[in-house]
Amino acid sequence: MNTSILLPVQTDQSESCPNSWVDSGEALNRFLRNANKFRSSVQTSPPAGFTSSKDHLVTLIYAFFRGMGLQRCESPVCKRLRDVYEQVIPPCRWEHLREYIAVWSSCWKRAAQEWAMSLLTDRKSARGRGHGIEGPPFSVDLSFLVYNIADKGDSSPEDTEIINEILAVVDWLSFWADHEGRWHTDIRDMDLSATAGTLKDLQRRECIRSARNPMCASILKRLGICPSRLWNLVVGRSNDFDYMLLILDHLSEHEQQFRIARPSHDECTEELCIRAFDSTTTTQQLHKCLGGGCGTFEFPMKKLDEAFRPLSTPTPWIPSAWDVSIWGPGAKPHLLDEGRRFIAISHVWSDGTGNGVNKQGVVNACLIEYWVSIAKSLKCDGLWWDTICVPMEKQSRRKALNIMLENFSRATYVVVHDQELVNMPWTDGPNAAVAVLVSSWFTRGWTAAEFYSTRKKRNSVKILFKNPDDTLKPLVKDLDRDILSRPQQATTLVHFKASTILRSVRGDITDLRGLLQVLRTRSTSWDRDKMTIAGLMTLDQRTVDTSLSTPALTRSILLELLTVPKTSIFHNKVPMALEGGWSWCPPSIFDFDVSTLSGVRPDTAGGRQEPLLIEKDGSIGGTFTAYPVQLAYRDKVYPYSSHPSLSYRILKALESPETCLILEIGGATTESAVTSGILVEPVVRHGKFVDCRYIGCVHVSFPAALRSSVIKCTIGWNDRDKDNVPRPSIDAQDIFAKADGKIQSGELDAVGS
């Protein structure tokens, strides 16, 4: 740690940068060459003499960066850039590492700027330079390699602190190089088997210890921030605890800026916010005037009912925003014509911006004038605010709900109003990004869906903050332009990571894990609403029907997504069907994916964590490691169940262990061959494919040497015959004989087939 990583300057030209190659294809070649060496070093045991993971880590990182050939740079231009970057790179006792990262980032920034300028002045010359990479090559994410170094030897408390500092610096470089995550490796993709001690595990443990520190709890209490908001960020980021610790540190360093009036959360816990389920029907509507004597204004809600009543299902989108282009005393509002600009308000009802105790359509005059003034400041003619834009009649209201999110995707601007943000004076982007993350608005299910609806339109989200220069008018800030971090920006790690979390909610949802990461930890006043929101976010808005039951919406969502992660089907709920299609599926998507909470570590051996395919009939198929249930170890199988009827079904099936298989979900440990799995009964075998009947989920403690076999199987596809009679199960031992290659192609075994 006392040796410079930079090479000495090999030229006397102090004005020029010796590292001008850093933005060219040569940088990528060097990176890939060193990354391969690094990967090989990581996969081998450290040489004798290394007593801790810190020594191993420092040696490997030194060799990697030194091998890149970066020289010390005395260029005045690079030095000015370097001075800026040194202010934001995380502190680290390995000063030579910080110095190296500052030189790398500043020299790359200068080279990129010069290339961009040459492109403007001399396109031919710029093309000749060979600049062909989108960003710094570290976007390949060195941190993935670093985090998977085995934790060899003991680490002292000081060593652990230094390790975490090194990881923070490498994290900063990774986000700086490509903070939008095109290459950034998610913790889900890492080796999480119980036998692999990783530096990421070490970092996670230290972050939890720090986050549970009483001083951290006291900063949240002083600021009135619910602790569940920060812990929910962790759960939503696959238990990446360093996000929470960075935010806690930022709140401590900038406590004065975050000291605003908030509701009390003294009785809330890390898991539960007691205010999340407060009824908004008894809330007094918010006044924006000083005295509260402004009176009310009533909108003609019957016009909305009349507009939606004749619409068919599926519901086509129609404008339901009010025209506020001409506003004043005696105004007679009418619905906005299609094609005109309008704003949509994304707000927190508990702030008093919903109906509250008012009759629907009756709003405080000062509050509607507040929205109208914001619309006009953004050069918009219309206002969509759910308090006055959703019909009152039941059928019309249902139709309006089906197209709810389309109002936000079609709006010219989505305006975010949260009293906590409106009361916080604007300072800068990093503070604003953190403020949004810990706001009430970011915890709600409906507002998350509204935010998600803006994903295809940049510069369309405006967030209201307190104006330091005019306390009567809010300061309107653009999320993309004013708040989120930008590529290669000289900003802090917490700003990069907070921006990453905000962007993740606006990313396209392509699988169940992505949907649950957005919605699982968010709250709604009514449980049913969360299922409705999931349907609106996932299904085609032209055909979605929010009146469907929770199981029906779950089926529709899963068929739209086509796959489920293998670990997701490990759940403890009674399935929505007894046999056949969907017999493996819980009634709600929110019963899925409990692996991070139940301690399930995925089976990663042989790359068998590919998702399971969902067929139209509700059956699923994929590749599993399968184990027989031997009579001697039957008592080592424990039902994972939330209801006695499911436990009974599992125990009943285990009375005939010879017809049972366990499909592995949880990876092996040193003591057990499998830790958790799906108990099934094989009913049909054809070739190496096995059709199974779902029984339930189980925890298992089998001997590590127990024989297993990799099979391809379906669950729920063929467990009834052509007369719809349940097929009897077949001997599981035969499955292993056939899977070992003792079966002729095309052979089919099943009773009653």
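**View 1. Strand β7 sits largely enclosed by the rest of the structure, since five of its five residues (461-465) are buried.** Buried here means under 20% relative accessible area, with exposed over 50% and partly exposed in between (1.4 Å probe, protein chains only). This is a predicted model, so a word on thresholds: local features need pLDDT of at least 70, side-chain atom pairs count only at pLDDT 80 or more, and totals for chains, interfaces and linings use all residues. Residues are numbered from 1 along each chain as its sequence is written, and side-chain values use heavy atoms, with hydrogens and water left out. Strands (E, at least two residues) and helices (H or I, at least four) are DSSP runs, numbered from the N terminus. Val461, Ile463 and Phe465 point one way from β7, while Lys462 and Leu464 point the other way.

**View 2. The neighbours of β7 are β6, which runs parallel to it, and β8, which runs antiparallel.** Two strands pair if DSSP finds at least two bridges between them. Three bridges tie β6 (residues 413-417) to β7, and Val414 stands opposite Val461 of β7.

**View 3. Zooming out, β7 belongs to an open sheet of six strands with mixed pairing.** The strand order is β2-β5-β3-β6-β7-β8. At the edges are β2 (322-323) and β8, each pairing on one side only. Further along, β3 (residues 342-347) and β5 (residues 382-384) run parallel and are joined by three bridges; Phe342 stands opposite Gly382 in β5. Helix α14 (residues 365-377) lies across β3, β5, β6 and β7, and runs at about 130° to β3. Axes are lines fitted to C-alpha atoms, for helices over the stretch in contact, and angles run from 0 to 180 degrees between N-to-C directions.

**View 4. Helices α19 (residues 429-437) and α22 (residues 493-505) pack at about 45°, with their axes 9 Å apart.** The pair is therefore oblique: angles under 35 degrees count as roughly parallel, over 145 as roughly antiparallel, 65 to 115 as roughly perpendicular and the rest as oblique. α19 passes α22 in a left-handed crossing, meaning the near helix is turned anticlockwise from the far one by less than a right angle (clockwise would be right-handed). From α19, the contact (heavy atoms within 4.5 Å) uses Gly429, Pro430, Ala433, Val434, Val436 and Leu437; from α22, Val494, His495, Ala498, Ile501 and Leu502. By class, that is nine nonpolar, two polar and no charged residues. Ala, Val, Leu, Ile, Met, Phe, Trp, Tyr, Cys and Pro count as nonpolar, Asp, Glu, Lys and Arg as charged, and the others, Gly among them, as polar.

**View 5. Helix α23 (residues 512-519) has seven of its eight residues buried, so the rest of the structure largely encloses it.** The buried ones are Leu512, Arg513, Gly514, Leu515, Leu516, Val518 and Leu519. Their cover includes α20 (445-452), α22, α24 (527-538), α25 (550-561) and β9 (563-564).

**View 6. α23 and α24 pack at about 130°, with their axes 11 Å apart.** That angle makes α23 oblique to α24, and the crossing is right-handed. Leu515, Val518 and Leu519 of α23 touch Lys530, Ile533, Ala534, Met537 and Thr538 of α24. The class count for this contact is six nonpolar, one polar and one charged.
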